[in-house]
Amino acid sequence: MSDITSLTLTELVKNIKDKKISSEETTKAFIERGEKSRDLNVYITEDFSNALAKARSFDEKPNFDLKLPGVPMAVKDLFCTDGVKTTAGSKILNNFIPPYESTVTQNIWNEGAVLLGKLNCDEFAMGSSNETSFFGNVQSPIAKGLVPGGSSGGSASALAANLTPITIGTDTGGSIRQPASFTGTVGLKPTYGSCSRYGIVAFASSLDQAGPMSKDVKDCALLQEIISTYDDKDSTSVDFKRNEYSKELTNNIKGKKIGIPKEYRVDGMPKEIEDLWTKGIEYAKDCGAVIVQISLPHTNYALPTYYIVAPAEASSNLARYDGVKYGFRSKGENLIDMYEKTRSEGFGAEVQRRIMIGTYVLSSGYYDAYYLKAQKVRKLIKNDFDEAYKKVDAILTPSTPSAAFKIGEKTNDPVSMYLNDIFTVPVNLAGLPAISIPAGVDAKGYPLGLQIIGKAFDEQNILNIAYAMEEKISFKNKITEWWIK
Amino acid sequence: MTKDNSEYLILRGDNTYEVVIGLEVHAQVTSNSKLFSSSSTTFGAEPNTQVSLVDAAFPGMLPVINEYCVKQAIKTGIGLKAQINKRSVFDRKNYFYPDLPQGYQISQFKYPIVGEGTVILDMPNGQKEVGIERLHLEQDAGKSIHDMDPQNTLVDLNRSGVALMEIVSKPDLRTPDEVSAYVKKLRSIMRYLGTCDGNMQEGSLRADVNISVRIKGSDKLGTRCEIKNVNSIKFMQMAINYEANRQVDLIEEGKTIDQETRLFDTKKNETRSMRSKEDAHDYRYFPDPDLLPLEVTDEFIEKIKADIPELPDAKKKRFIDQFKVSAYEATILVSDIDTAEYFEEVVAKMGKNQDIKLAVNWITGELFAVLNNKNLEISESPISAKNLAKLVNLIKNGTISGKIAKTIFELMMDGDKDPQIIVDEKGLKQESNPKALEALIDKIINDNREKAIEYKQGKEKLFGFFVGQAMKVSGGKANPQLINDILKKKL
């Protein structure tokens with residue numbers, strides 16, 4: 001049998017259920033590969049010995065009715081895991097061990113999965129290249145010195161490098177879809193309210209959403225049906241009828257109307273992105289979809305709106321990291337001095353920048369001009385989508401305005417870094433679901449993704465479209481294993 | 001006639017100043033669990049034993065609104081005859097302090113759950129209406145303890161997240177007496193409703209007092225100062241007195257008043273500046289994205305309305321109509337729900353031949369004196385309503401005299417003893433047999449012949465002497481009315 005770690009989740013589950021491989025063998029294989037892949041710096045915390053113990057105990061009393069029977073997996077270090085250090089990529093939580101489990105990860109363990117460890121990410125999920133992590137940048141398995149994207153960069157790298165069969169990330173402005181696009185993997189940002197935020201370290205509460213990252217669309221559907229549950233511990237969780245997405249997955253999308261928003265053809269967009277999009281439209285047509293030109297007139301305002309709303313919420317959400325109750329504390333002469341030193345030393349530059357932006361836009365005298373205005377624009381952006389969905393079933397766009405860039409290339413230019421999220425942030429502002437699937441490569445051979453945006457709570461539809469297009473595209477990630485000595 | 005406390009004016013030279021006062025009352029919602037978590041709210045527990053992960057603001061923890069607290073706020077709003085807002089919004093009030101774990105307090109800023117209402121005060125010179133601006137729900141902070149450890153400030157988070165109602169009055173109050181009456185009335189309404197126990201010692205009720213002064217007759221408001229967190233009515237009155245005079249002094253010296261937040265030092269009886277307007281916190285209020293706007297339906301409100309008990313104003317009116325008590329007596333009886341209930345139980349237990357006036361006198365006289373003395377609430381009264389009713393009946397039907405009743409009352413306090421049993425055991429039954437009393441009086445007149453003659457010659461004051469003798473000889477048991485009648489006849 002071929003290498004365990006290169007199997008898709010669906011294949012892996014089948015092999016385990018058919019008793020061809022045990023949970024222990026599987027877990028060992030991922031651990032061994034993980035140990036050989038430390039140069040990628042995907043793990044903040046390895047929990048390998050516990051993983052093995054859990055795998056063995058699964059094998060002793062296996063339950064094959066579960067959807068993830070003894071499947072090992074690593075998760076983004078933004079999910080609180082009971083008894084396992086959770087850092088959010090920050091020095092300020094360097095020593096934090098939660099005595100509780102996030103709802104999303106609990107749902108995963110309930111289906112029999114085993115935690116391998118906690119994956120690197122941008123500090124408090126603020127970043128698009130995984131370079132803001134206190135634990136160092138993550139290498140993309142695609143090429144040495146390349147960013148995997150962010151903030152779920154560790155998740156994307158680990159998945160593309162076969163260090164985990166599947167994983168979860170969080171997406172506030174593109175943090176699942178952009179790294180998926182950069183690493184040739186699949187990433188879904190579910191509808192806001194689909195996955196519980198309970199136990200996920202908060203970045204921007206009105207935008208944060210957990211979602212699956214996988215090697216193919218089928219795996220993505222399976223994980224989505226596991227993690228999406230109504231949760232009364234999260235007041236923004238929505239009680240809607242959730243599908244068994246993997247069971248109802250179909251490649252028959254004949255007659256589905258897919259919108260092409262003209263505003264996404266931005267100035268200075270590289271030709272290869274333009275070409276990818278055109279190719280995507282052709283694939284969609286080949287699948288039987290009907291292409292409709294649409295307009296989302298306020299798209300231009302999405303990025304500035306996002307960079308007011310998200311930092312505003314973050315500035316308040318991160319106030320709790322003050323050195324008083326848990327986490328890092330610096331010695332100070334007095335209370336104010338302790339606060340200032342703790343937060344100056346505990347937070348990295350990007351987090352501090354966003355706290356300052358957020359504090360500024362909420363300040364009295366500026367609130368109306370920034371925060372309130374941004375909320376109004378946000379409503380207009382949502383209205384754009386509502387209008388569009390009167391005509392179409394889904395919307396097709398590129399996932400990112402470019403392929404992955406070099407580590408260090410944009411670290412001194414935050415605005416150019418923020419521009420990476422230009423196609424993904426409108427979706428978060430509108431609370432919609434969107435999936436990124438690999439669809440091609442740029443001139444250097446770096447992966448490029450296409451984004452399919454759906455109606456609220458219509459994950460099944462975009463999964464189906466992605467599933468159908470995936471078949472036509474038949475993308476293969478070329479990983480040379482350059483990091484394994 | 002009224003004692004004129006209705007005006008509280010400060011005279012300086014030729015100027016007469018009046019004081020304008022508005023109150024922000026913080027009332028702890030009576031609820032077993034906190035506003036956004038399921039932790040217990042019991043007062044006085046060991047430090048940090050009633051703290052959930054939400055209260056301590058652990059990463060990824062989220063607030064979930066406690067429906068009961070929402071009901072309590074709406075109930076209070078109805079009690080204040082106020083507008084109930086079907087849609088309200090929770091905002092974050094951001095500031096750093098060790099006893100504020102989240103780094104923000106969840107409160108309602110722009111859209112409170114309750115809007116404008118009114119409270120009626122019974123002042124000696126008549127009723128006064130005080131406007132309510134709003135009532136909103138918010139979280140309490142924890143407690144910083146600065147005097148337990150020489151080096152460190154300790155933090156107790158038991159109170160962190162407990163639900164508070166902030167009740168903001170309009171600047172309608174003018175005197176320390178009105179402030180006292182307002183706080184008492186508010187407390188009374190909330191106790192009737194069971195929405196706040198009003199216990200000021202435990203901090204369940206505290207107030208920020210806003211004070212400004214102006215020349216009497218002016219309709220412009222002066223610059224106000226806010227005195228934070230005053231936790232007794234007496235201190236509120238003292239603070240107002242000091243602060244109003246301080247402001248008048250400043251104006252008279254030609255100085256201006258700075259709008260600022262001040263603290264009341266109870267030991268020195270003075271207010272001190274805490275922070276000026278320039279240093280005022282910028283709280284960066286914004287809607288809490290972890291919570292959806294709070295929406296309640298008409299049915300929800302109607303259901304709560306159906307549960308509203310008779311409130312002090314209505315009860316007062318009924319007491320006057322039904323029991324023919326005076327307005328003054330009714331005000332006292334309804335001021336506290338337990339007193340009203342005690343009174344009604346006494347009335348019920350007295351049965352048919354009841355003397356309500358006498359019962360009221362005993363409750364507001366002897367009983368209140370005892371409770372006051374022993375620092376007890378009426379709910380802890382050593383004499384039950386049932387036994388007090390019996391005592392009043394014994395007086396009413398002539399079994400005992402009022403004087404003997406006082407002796408019996410003292411004895412009743414020992415284990416809520418039945419007054420009838422005391423009468424029987426101690427032989428305290430009143431002597432009302434005219435024949436026996438006539439014999440007794442004949443003997444007294446006989447023994448005091450000279451005085452009887454003096455009385456007949458016009459020294460009428462001596463009548464009291466004969467009554468006293470009769471009571472003394474009878475051991476206080478002689479029926480005073482009969483003694484009077486017989487003496488008049490015999491002398």
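Is B:V209 buried or exposed, and how many other C-beta atoms lie within 10 Å? In this predicted model, B:V209 is buried, with 27 other C-beta atoms within 10 Å, a count that meets the threshold of 20 or more for a buried residue. The residue belongs to strand 11 of chain B, which spans residues 205-215. Beyond the residues up to four places away in sequence, B:V209 touches B:I21, B:L23, B:I227, B:V230, B:M236, B:A239 and B:I240.

B:Q127 is exposed, because 10 other C-beta atoms lie within 10 Å and a residue with 12 or fewer is classed as exposed. When neighbours within four places in sequence are set aside, B:Q127 is in contact with B:I120, B:L121 and B:D122. B:Q127 and B:V19 are separated by 108 residues in sequence and by 19 Å in space, C-alpha to C-alpha.

Elsewhere in chain B, helix 6 (residues 327-334) contains the buried residues B:E329, B:A330, B:I332, B:L333 and B:V334. The cover over these residues includes helix 5 (312-323), helix 7 (337-350) and helix 8 (356-374) of chain B.

In chain A, helix 3 comprises 13 residues (48-60) and reaches 18 Å from its first C-alpha to its last, close to the 18 Å expected at 1.5 Å a residue. Its buried residues are A:F48, A:A51, A:K54, A:A55 and A:F58. Viewed down the axis of helix 3 of chain A, these residues fall within an arc of 120°, and they therefore line one face of the helix. An α-helix has 3.6 residues a turn, so residues three or four places apart point the same way. The face of helix 3 of chain A turned away from the buried side carries the exposed residues A:S49 and A:E60. Among the elements that cover the buried residues of helix 3 of chain A are helix 2 (23-36), strand 1 (43-46), strand 2 (72-76) and strand 3 (114-119) of chain A.

Strand 3 of chain A is itself largely enclosed by the rest of the structure, because 6 of its 6 residues are buried. Strand 3 of chain A pairs with strand 1 of chain A in the antiparallel sense over 3 bridges, and A:G117 of strand 3 is the bridge partner of A:E46. Strand 2 of chain A runs parallel to strand 3 of chain A, and 5 bridges join the two. In this pairing, A:A74 stands opposite A:G117. Together with helix 4 (residues 103-110) of chain A, strands 2 and 3 of chain A make a right-handed β-α-β unit.

The two chains also meet at an interface, where 34 residues of chain A are in contact with 25 residues of chain B. On the chain A side, the elements that give two or more residues are helix 9 (302-317), helix 10 (335-346) and helix 11 (349-362). Helix 9 of chain A provides the largest share, 3 residues. By residue class, the side of chain A that touches chain B divides into 16 nonpolar, 10 polar and 8 charged residues.

Definitions and conventions: Residues numbered from 1 in each chain as written. Chains lettered and ligands numbered in written order. Predicted model: local features only at pLDDT ≥ 70, side-chain atom pairs only at ≥ 80, totals over all residues. Contact = placed C-beta atoms within 7 Å. Helix = DSSP H or I, 4+ residues; strand = E, 2+ residues; numbered from the N terminus. Nonpolar A, V, L, I, M, F, W, Y, C, P; charged D, E, K, R; others polar. Expected span 1.5 Å × (residues − 1). Arc of directions from axis to C-beta. Pairing = 2+ DSSP bridges. Right-handed = clockwise from strand over helix to strand, strands pointing away.
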